[in-house]
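Please follow the explanation below with the sequence and the model side by side.

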Amino acid sequence: MRRIWDTPGGVHPPDNKAQSLTSGIGQLPLPEKLILPLTQHVGGAAKVCVSVGEKVLKGQKLASASASISAAIHAPSSGWITAIEERAVAHPSGMSAPCIEITCDGEDRWIECMGYPDYKQATPLQLRNLIADAGVAGLGGAGFPSAAKLDRGTHMPVDTLIINATECEPYITADDILIRERADQIIQGIEIISHLLGTPKTILIGIENNKPEAIAALNQQCQGTGIEVVSFPTKYPSGGEKQLIYILTGKEVPSGQLPADLGMVCLNSGTAFAIKRAVIDGEPLISRITTLTGEACDINRNYEILIGTPVSHLLEQNAFNPDLCSRLIMGGPMMGFSLTSSDVPLVKTSTCILAPSHTEIPDGDPAQACIRCGLCAEACPASLLPQQLYWYARADDHERLQAHNLFDCIECGACSYVCPSNIPLVQYYRSSKGDIVNARTAKATAAVARERFEFRQVRLEKADTVRETKREARRLATEQAKITSPTTTQSSGSSAADIIKAAQLRGSTRQASPEQQKAKLERTLMAAEMRLKEAQQRLLQATTNGSADQQTQQLASVEAAKRKVEQTAQRLTEVSH
Amino acid sequence: MAFKQVSSPHSHARQSTGQIMQLVLLATLPGLLVLSYQFGWGLLINILIATISAISAEALILKLRNRPIEFYLRDYSAVVTAVLLGLALPPLAPWWLVVVATVFSIVIAKQLYGGLGSNPFNPAMVGYVVALISFPIEMTTWVTPVSLLAADVSHPGLLESLAIVFAGNSPVDGVTGATPLDLFKHSDGLLVEQIYQNNSLFSAASFAGVGWEWANVAFLIGGLALLKARIFTWHAPMAMLGTLALMSMLFWDGGSSNSPGSPLMHLFSGASMLGAFFIVTDPVSSAVSNRGRLIYGALIGLLVYVIRAWGSYPDAVAFAVLLGNFAAPFIDNYTVPRTYGHGQSRRATDKETSE
């Protein structure tokens with residue numbers, strides 16, 4: 001039996017999982033339209049590779065990964081691209097973002113899929129590209145592109161692979177039901193990941209002990225695979241990546257670092273399933289398991305939904321009663337965010353749609369004063385002092401907030417959950433984090449601007465001194481001239497000859513010293529030579545694949561450049577002698 | 001369709017600040033009952049006067065501060081302050097003493113700092129100390145425990161008590177007397193054994209001092225109940241009692257004429273248990289982290305003993321708590337807990353930024 005480490009803090013909210021587990025994974029009828037945001041993951045938005053009006057097949061790539069941390073997006077069903085534009089997406093702010101809209105043709109016809117059932121023959125790079133191409137991103141809720149997580153290039157070798165099947169959020173049962181019904185495929189996925197990572201020494205599946213059926217299913221499938229199923233007491237938030245790593249290994253991920261720095265990789269069980277699909281069946285990530293629950297819906301169960309299905313479609317199919325609903329939550333009751341509209345699509349990270357009744361999740365009472373009772377500190381899984389963070393957040397004391405490790409807050413909400421004064425603590429922390437990040441950016445920008453300003457000042461001063469010396473030299477020269485030719489001064493500029501003489505004098509004083517002239521000519525020569533070289537290159541191109549016209553043109557410019565070089569060289573020799 | 005926008009988390013535990021305060025009030029009941037049995041109606045009258053003054057003062061200031069009165073009164077914090085003060089002030093004290101102490105607690109020590117949660121000092125203890133310094137005679141006149149009353153004397157009845165409190169009538173001779181700590185303090189040059197033999201306050205006691213010992217036991221029971229209900233953690237009260245016990249053991253010296261008294265006497269006399277479980281645990285004015293609360297509690301325990309043994313006040317909980325309140329922010333600075341993923345804990349004033 002593996003040792004389990006107990007995390008500090010944590011809370012035990014009622015788990016409310018039974019209601020959505022009365023039936024297995026269901027399928028929804030095809031929605032009329034699917035809306036696919038280009039950003040459904042952490043990292044850069046995907047780059048669209050289709051155009052409006054195009055006919056696409058199920059599984060066809062619509063947008064490709066744009067950076068090393070990004071994920072491709074595929075058509076969840078066949079149909080036509082009817083729009084590529086800004087649409088409201090599922091986001092706490094209710095914002096809009098670029099989306100691809102598919103109007104389904106109802107045929108649901110697959111593109112040809114190329115699986116790789118013999119994955120053991122593939123190199124890690126091939127497998128990773130396969131996973132990247134399938135657009136797999138963390139399905140536990142964070143949406144980190146899996147291929148990037150499985151990149152071993154920059155980190156130490158992975159000796160521990162942790163599969164997160166904790167699902168500690170109340171209400172959500174997506175992982176639970178997926179394990180119950182498809183544990184074999186999850187294990188296949190884990191074996192692929194293990195192969196890709198060079199068979200880590202330890203492979204653990206972490207799961208809370210409130211899912212006995214899922215644990216039994218996993219145990220059955222894991223026999224003889226070397227994969228260890230570790231169940232531990234239910235406590236929120238055990239499913240946080242950092243918390244789970246501590247529970248299973250007793251190691252802490254150092255602040256500001258990644259599990260990979262400890263030689264660990266942690267993936268959600270649903271992601272393992274998606275990886276199996278991507279590699280063995282060649283199917284990209286176009287669907288996921290989402291829990292629909294809450295008393296405002298008559299039917300509570302899990303669905304295998306197509307990515308891009310509008311939330312409203314899901315609700316309509318399940319006898320949703322808007323009058324009963326106190327709020328609409330994407331995710332769980334602890335970390336989920338409220339949706340302002342049900343017209344947004346479900347995405348890769350949508351673990352759950354929770355439509356609670358007013359009795360289930362009533363509107364909160366107004367916040368009372370903080371009495372520093374410390375219940376929040378008792379509940380904090382990161383051993384922070386939420387009550388102190390709250391006071392400093394209210395005072396905008398960024399220094400103290402950082403000294404109290406605000407950025408180690410995982411926003412699990414345990415502190416707000418227990419707060420007897422009903423203070424929205426997490427909201428304060430989010431806001432303060434944003435403020436601090438903005439202040440840092442502003443500071444960095446200001447520093448750059450200051451540097452540039454100071455540099456400019458120095459440059460201007462230099463130019464001033466140079467001008468001043470020149471002016472002084474000119475003045476001296478004029479005085480000298482006055483002394484040497486007193487006659488000119490007498491008839492002060494009355495005759496044309498005098499004026500010419502004065503002008504010549506000015507010209508001679510203005511004329512730079514021979515060194516300066518030489519330097520200038522050298523620069524000109526260099527530039528001319530460069531231009532000549534470029535012109536010759538262009539000429540070469542033109543002769544190989546250009547028209548006759550272009551050739552003549554380029555020839556002329558080469559000649560001109562040659563002439564310029566010759567002239568400059570000649571003048572340079574004159575000056576140097 | 002539009003839905004309400006609410007910040008996570010969406011679920012909340014069902015315990016409110018008002019409920020916590022009510023639990024604290026409930027937990028004072030055993031102590032209140034024992035004290036009332038031992039010392040008569042005086043304490044109940046104290047609590048009544050204090051509660052009325054506290055609520056009125058709080059409501060008045062809230063009105064002046066343009067705050068919703070009912071909303072803030074419902075947190076019951078004023079009532080808790082009033083009850084604690086009423087328990088600490090001597091029974092049969094004149095009404096104006098209770099009013100002055102309470103109004104000072106609520107208005108000066110609490111509301112002027114910004115109300116509940118913002119006060120650096122424990123309001124009840126501020127009120128108590130103000131009364132103690134301003135009216136030393138009234139504050140040191142205690143009622144004799146019921147079992148030590150002479151055969152023909154009894155505690156004044158309710159009406160009689162009201163007359164004493166409001167009309168200034170003097171209580172019958174023999175009804176008032178010293179407290180055990182007071183008596184012990186003013187028995188210089190006697191061996192502890194002699195003090196115990198000469199005074200029925202000690203000789204008739206089971207283990208500490210007549211009347212007080214059982215009141216302290218009752219407060220201990222109430223406090224343990226709150227501990228069990230997780231209203232506070234064990235750190236501050238246990239550190240305070242532990243340090244008090246340790247100090248009194250160290251300096252007990254077998255009961256010579258210089259001995260400051262036995263550990264049992266210190267733990268179960270005066271406001272030891274009331275202080276440990278109802279005053280030191282006041283979260284607003286104490287240190288915040290568990291480690292900080294250990295130090296904070298120990299400091300108060302130490303100060304209680306030092307003032308009792310070598311100071312000029314027989315009981316010292318109020319002074320010790322206020323001094324502890326002073327030190328709390330300083331303690332906080334050095335006792336920030338170690339955060340997950342950090343090698344060691346940081347100071348609250350750490351300037352280095354890290355992500």
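In chain A, four strands form an open sheet in the order S10-S9-S8-S11, with parallel pairing. Strands here are DSSP runs of E with at least two residues, helices are runs of H or I with at least four residues, and both are numbered from the N terminus. Two strands pair if DSSP finds at least two bridges between them. Strands of a sheet pair through backbone hydrogen bonds, either parallel or antiparallel. Strand S10 (227-232) and strand S11 (264-268) of chain A each have a single partner strand and stand at the edges, so one side of each is left without a neighbour in the sheet. From one strand to the next, the twist averages 25°.

This is a predicted model, in which local features need pLDDT of at least 70 and side-chain atom pairs count only at pLDDT 80 or more, whereas totals for chains, interfaces and linings use all residues. Residues are numbered from 1 along each chain as its sequence is written, while chains are lettered from A and ligands numbered from 1 in the order in which they are written.

Within the sheet, strand S8 (residues 160-164) of chain A pairs with S11(A) in the parallel sense over 5 bridges. Leu161(A) has Val265(A) as its bridge partner in S11(A). Helix H6 (residues 269-281) of chain A packs on the sheet and touches S8 and S11 of chain A. The direction of H6(A) makes about 85° with that of S11(A); such angles run from 0 to 180 degrees between N-to-C directions, and axes are lines fitted to C-alpha atoms, for helices over the stretch in contact. Helix H5 (residues 241-249) of chain A lies across S8, strand S9 (202-208), S10 and S11 of chain A, at about 120° to S8(A).

How do two helices pack in chain B? Helix H5 (residues 77-88) of chain B and helix H6 (residues 95-110) of chain B pack at an angle of about 145°, with their axes 10 Å apart. H5(B) contributes Ala78(B), Thr81(B), Ala82(B) and Leu85(B) to the contact, and H6(B) contributes Ala101(B), Thr102(B), Ser105(B) and Ile106(B). Residues are in contact if their C-beta atoms, placed from the backbone, lie within 7 Å.

Finally, the two chains meet: 56 residues of chain A are in contact with 42 residues of chain B. The largest share of the side of chain A that touches chain B, 4 residues, comes from H10(A).
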